[in-house]
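Dear colleague,

My notes on what was found follow it.

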Amino acid sequence: MRNLLAAALLAGAIAIPGSAAWAECSITLEGPNEVRFTGESGSGYDTFSRSIYETPFAMTITNLDEANPCEAVLSIQREPGRKGMIGPGHDRLLYEIAPPGDRSTIVDSETVGRPPNALPFTVGPGQAITRQLALHVLPGQSVPSGSYEETLLVRVVEKQKGFDIVAERTLRIRTYVVPQASILLYDGAIIKPTAGDIGTRNRQLDFGMLEEGETGAVTVLVQSNDGYSLRIASANRGALWHSVYGPSQPVTYRAYLNDRRLELASGEDRVAGRPATGPAGDVMRLSVQVGAVGAARAGRYEDQLTISILPDS
């Protein structure tokens with residue numbers, strides 16, 4: 001029994017100097033001062049793009065201690081309560097920072113102790129390691145155009161002495177949200193566009209033989225991440241003109257955007273004060289009702305309506 005006890009005590013004694021080998025870290029932390037998310041277009045964040053795009057960057061950690069390794073975590077932290085880059089009107093743009101291709105995040109609120117999302121690492125005596133990271137702004141966020149940014153803390157927190165911060169630097173992340181607007185026209189209701197039923201820039205309403213009271217309509221889908229106005233312009237000032245005799249042979253019509261009668265006698269009407277839309281867009285119905293035909297000459301009658309998006313000023 002004495003020999004077995006001595007062996008057990010001796011084994012316990014061997015483990016003590018092994019634990020003491022992890023000394024407090026002495027390191028440097030290098031990396032960019034700013035990372036700008038450029039998006040798929042290269043100009044910034046596109047509200048209506050569903051593509052996943054990353055802006056890569058790297059942080060380099062150098063162990064200045066020539067005798068001992070450093071076991072620590074790399075943490076990126078924001079002020080408590082913050083959630084996303086801040087833009088005009090204090091709108092927030094959500095993002096993730098993680099290793100490339102990883103859809104999780106290593107960003108934490110400022111914390112005491114172990115940051116839950118941090119990346120662990122070990123760097124040997126006198127050695128350096130580089131951690132590849134990427135800034136990813138989540139797709140499908142509808143926010144006003146303008147500049148968005150946030151300043152973060154990049155920290156190295158060593159693990160052996162109560163998770164003390166042993167290196168720190170700031171990192172500003174920023175992007176520009178591009179102003180985006182589009183109009184698409186559909187023959188019928190928008191349920192789920194398919195290859196055979198997709199929106200186009202042009203649509204034709206063909207009434208065949210003109211009859212008073214006949215109605216045709218198209219569905220208008222507008223997407224805009226800023227408030228906007230619509231301009232509806234009539235080439236023939238709210239009338240169908242004969243293809244040969246022109247304005248001398250008009251057939252009038254009434255046009256409506258949803259329930260609003262459009263006044264086109266001057267050549268155009270404007271619908272102002274439309275709010276920014278989400279990714280699903282703003283769906284409206286543009287309808288045309290044929291007026292009195294009377295003794296109009298035989299032939300083809302037509303007009304062209306042009307719908308434009310304008311900034312809402």
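A word on exposure comes first: a residue is called buried under 20% relative accessible area, exposed over 50%, and partly exposed in between, computed with a 1.4 Å probe on the protein chains only. At 35% relative accessibility, Ser104 therefore counts as partly exposed. This is a predicted model, in which local features need pLDDT of at least 70 and side-chain atom pairs count only at pLDDT 80 or more, while totals for chains, interfaces and linings use all residues. Residues are numbered from 1 along each chain as its sequence is written, and side-chain values use heavy atoms, with hydrogens and water left out.

Ser104 is found in the loop between β7 (95–98) and β8 (107–109); strands here are DSSP runs (E, at least two residues), as helices are (H or I, at least four), numbered from the N terminus. Ser104 and Asn117 are 13 residues apart in sequence, and their C-alpha atoms are 9.0 Å apart in space.

**Sheet with β1, β3, β10 and β7**

Strand β7 also belongs to an open sheet of 4 strands, in the order β1-β3-β10-β7, with antiparallel pairing; two strands pair if DSSP finds at least two bridges between them. Its edge strands are β1 (27–30) and β7, each of which pairs on one side only. On average, neighbouring strands of this sheet are turned by 20° against each other, direction ignored; the axes are lines fitted to C-alpha atoms, for helices over the stretch in contact, and angles run from 0 to 180 degrees between N-to-C directions. Strand β3 (residues 54–63) and strand β10 (residues 128–137) run antiparallel and are joined by 9 bridges. Thr60 stands opposite Thr130 in β10.

His136 has its place in strand β10. With a relative accessible area of 3%, His136 is buried. The side chain of His136 makes a polar contact with the side chain of Arg103 (3.1 Å). Such a contact is a pair of N or O atoms within 3.5 Å; within protein, one must be able to donate a hydrogen and the other to accept it, and residues adjacent in sequence count only if both atoms are side-chain atoms.

**Strand β11 and its partners**

Strand β11 (residues 146–158) has 10 of its 13 residues buried, so it is largely enclosed by the rest of the structure. Strand β4 (residues 70–78) runs antiparallel to β11, with 6 bridges joining them. On the other hand, 12 bridges join β11 to strand β12 (residues 165–177), again antiparallel. Leu153 of β11 is the bridge partner of Gln77, and the bridge partner of Leu153 in β12 is Thr170. β11 and β12 form a hairpin with 6 residues between them, and Gly162 in the turn has a positive phi of about 75°.

**Sheet with β19, β15 and β22**

Another open sheet consists of 3 strands in the order β19-β15-β22, with antiparallel pairing. The edge strands, each pairing on one side only, are β19 (268–274) and β22. From one strand to the next, the twist averages 20°. Strand β15 (residues 228–234) pairs with β19 in the antiparallel sense over 5 bridges, and Arg231 stands opposite Arg270 in β19.

Asp282 lies in strand β20. At 17% relative accessibility, Asp282 counts as buried. Its side chain makes a polar contact with the side chain of Tyr228 (3.1 Å).

**Pocket and cavity**

On a 1 Å grid over the protein atoms alone, a cavity is a set of points where a 1.4 Å probe fits but cannot get out, and a pocket is an open set with protein on both sides within 12 Å along at least five of seven lines; lining residues have an atom within 4 Å of a point. Grid points are joined across faces, edges and corners, and a volume is the space filled by probe spheres set on the points.

The largest pocket holds about 1,100 Å³ of space. It is lined by 34 residues, of which Gln204, Leu205, Glu302, Asp303 and Gln304 are the closest to its centre. At least two lining residues come from each of β13 (181–186), β16 (239–242), β20 (282–290), β21 (301–302) and β22 (305–311).

The structure holds 1 cavity of 30 Å³ or more. About 100 Å³ of space lies in the largest cavity. Among its 13 lining residues, Phe37, Glu40, Tyr45, Ser49 and Ser51 are the closest to the centre.

With kind regards
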